[in-house]
Amino acid sequence: MKRYRGSKQKGAAMLTMSLAFGMLAACGSNNGDDPAAQPTDQSSASAPAATNSTAPSKEAAIVEIKVWDKPAPDASNKAVTEELQAKFDDAHPNIKVIHEDETQTSEKFLAAVAGGEQPEVFRPSFPKMQEYVQAGIVADITDLVSASPDKDRFIDGAFNMATRDGKIYGVPFTMYSTGVYYNKKLFANAGIASLPTTWDEFAATAKTVQEKNPGTVGFDILGMDWGDWHFEYYVWQAGGDLTELQPDGTVKLAFTSEAAVKALQYYKDLKWTHQVVQSNVLQSYEENNKDFYSGKSAMILGASDAYNAFVSQGMDPNEIGFMPYPVGPAGVGPSQVGGSFWAISPSASPEKRQAAFEYIMFMSSKETIESRLQFNKDNGLGVNPFTVVKDVDPTNYIEGMPTDFLSAIRKAAETQQLEYYLKSSLSPYVVKPIQKILLDKNADPLTELKAAEQLAQKEVIDKYNKDILSKSSK
């Protein structure tokens with residue numbers, strides 16, 4: 001899920017693109033699943049400096065690697081991507097890179113793996129990286145990363161979603177995190193000096209800011225057909241998840257777990273007890289965002305790069321605040337994160353593996369990232385305020401961004417979680433009880449979740465698990 005950003009007409013167009021990207025990155029069924037999907041967070045025109053790695057001599061044998069990062073003909077960052085690739089070629093004459101279509105789907109990637117044609121370098125999304133590690137189709141690059149002088153350049157938590165049992169399987173390329181946006185002006189009007197850190201404090205803050213700012217609402221809740229996208233965060237905060245992946249690959253539903261019931265009860269309380277959410281709880285995602293950037297709503301959940309969309313609609317940057325999620329009953333408030341990693345084929349020879357890592361680190365250099373950011377700024381493509389490295393400050397490429405915004409984003413990303421397993425298939429079943437609770441004051445959270453779980457088990461899980469067990473027995 002993701003997004004990024006004149007005339008009034010251009011501003012509206014950038015908003016649509018920006019918010020749609022954020023939505024898809026965070027909750028779409030195809031959440032960055034293409035193995036080589038190239039976000040346009042960062043792009044550049046200036047030449048990157050050489051990496052810390054030593055290029056092989058011209059007398060050395062030429063190593064050829066295949067990389068799935070060739071931009072589409074109409075890609076907005078095509079020119080700069082090709083320029084950066086040419087810079088690498090010039091700096092590494094003994095590495096020949098064959099660039100192939102970056103837009104190939106995960107199905108094509110798996111077909112390439114099965115046919116022995118897996119590229120040496122590819123870019124799985126965060127969810128796909130987890131799947132590919134489990135399937136054994138990404139290389140363990142712990143030794144390469146540990147020996148690299150650039151390892152400490154990456155922010156805390158950057159490797160989390162590419163790490164299993166202490167082993168590292170990917171280098172972060174792009175990343176976003178989610179949290180709570182709040183209107184600093186409305187908070188100041190209400191005399192709120194400290195940000196909420198718990199569910200109770202959040203509800204109290206929403207009520208106070210709503211009362212002190214007539215005509216506003218404390219919090220815009222997401223109750224439309226993507227409602228489970230935000231609801232799952234509250235389940236995590238209560239100490240659970242909506243599904244459980246079993247060791248044999250099957251899936252167990254957890255809709256009726258104590259955590260899920262507590263989360264839905266909290267939704268019900270926000271609507272009916274505290275009365276701090278908008279009247280039309282089923283309004284669109286775009287309407288929710290409009291409420292925030294127009295100053296009608298004091299708080300809203302969102303991904304880190306939605307900042308650009310709010311500013312493009314005329315919101316004063318100094319009024320935009322960002323904070324990590326308040327913790328729930330479990331004492332945690334993990335951020336849903338997304339993005340993509342650079343990964344290497346486990347079948348690559350040692351020489352190809354080293355060449356692949358050279359390429360990845362060149363494309364991860366400070367100079368390369370800054371060049372991409374400058375390109376995006378110069379061409380009005382929008383800039384993701386969240387970079388995966390410590391030595392690049394994206395606020396230099398976004399006019400007026402408050403200094404505390406970036407630090408808040410990084411703080412939110414320290415504790416990470418991926419969206420619940422099989423979300424694309426189960427989303428409609430989770431949304432139904434959410435909407436029921438928000439529309440019917442007398443609806444019972446456990447009763448509604450139980451009905452949803454029974455239906456999902458019958459219509460989705462039974463068949464899914466049967467197929468998984470059938471394949472594993474062959």
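Visitor: How many helices and strands are there in the protein?

Guide: The protein has 16 helices and 12 strands. Both are DSSP runs, numbered from the N terminus: helices are H or I with at least four residues, strands E with at least two. This is a predicted model, where local features need pLDDT of at least 70, side-chain atom pairs count only at pLDDT 80 or more, and totals for chains, interfaces and linings use all residues. Residues are numbered from 1 along each chain as its sequence is written, and side-chain values use heavy atoms, leaving out hydrogens and water.

Visitor: Why are α9 and α16 called oblique to each other?

Guide: Their axes, lines fitted to C-alpha atoms over the stretch in contact, with angles from 0 to 180 degrees between N-to-C directions, cross at roughly 125 degrees and come within 9 Å. Angles under 35 degrees count as roughly parallel, over 145 as roughly antiparallel, 65 to 115 as roughly perpendicular and the rest as oblique. α9 and α16 are therefore oblique.

Visitor: Which residues of α9 meet α16?

Guide: Ala260, Val261, Leu264 and Gln265 in α9 meet Pro445, Leu446 and Leu449 in α16, where contact means heavy atoms within 4.5 Å. By class, 6 of these residues are nonpolar, 1 is polar and none is charged. Ala, Val, Leu, Ile, Met, Phe, Trp, Tyr, Cys and Pro count as nonpolar, Asp, Glu, Lys and Arg as charged, and the others, Gly among them, as polar.

Visitor: Which residues of α8 meet α9?

Guide: Gly227, His230, Phe231, Tyr234 and Val235 in α8 do, and among their partners in α9 are Ala260 and Leu264.
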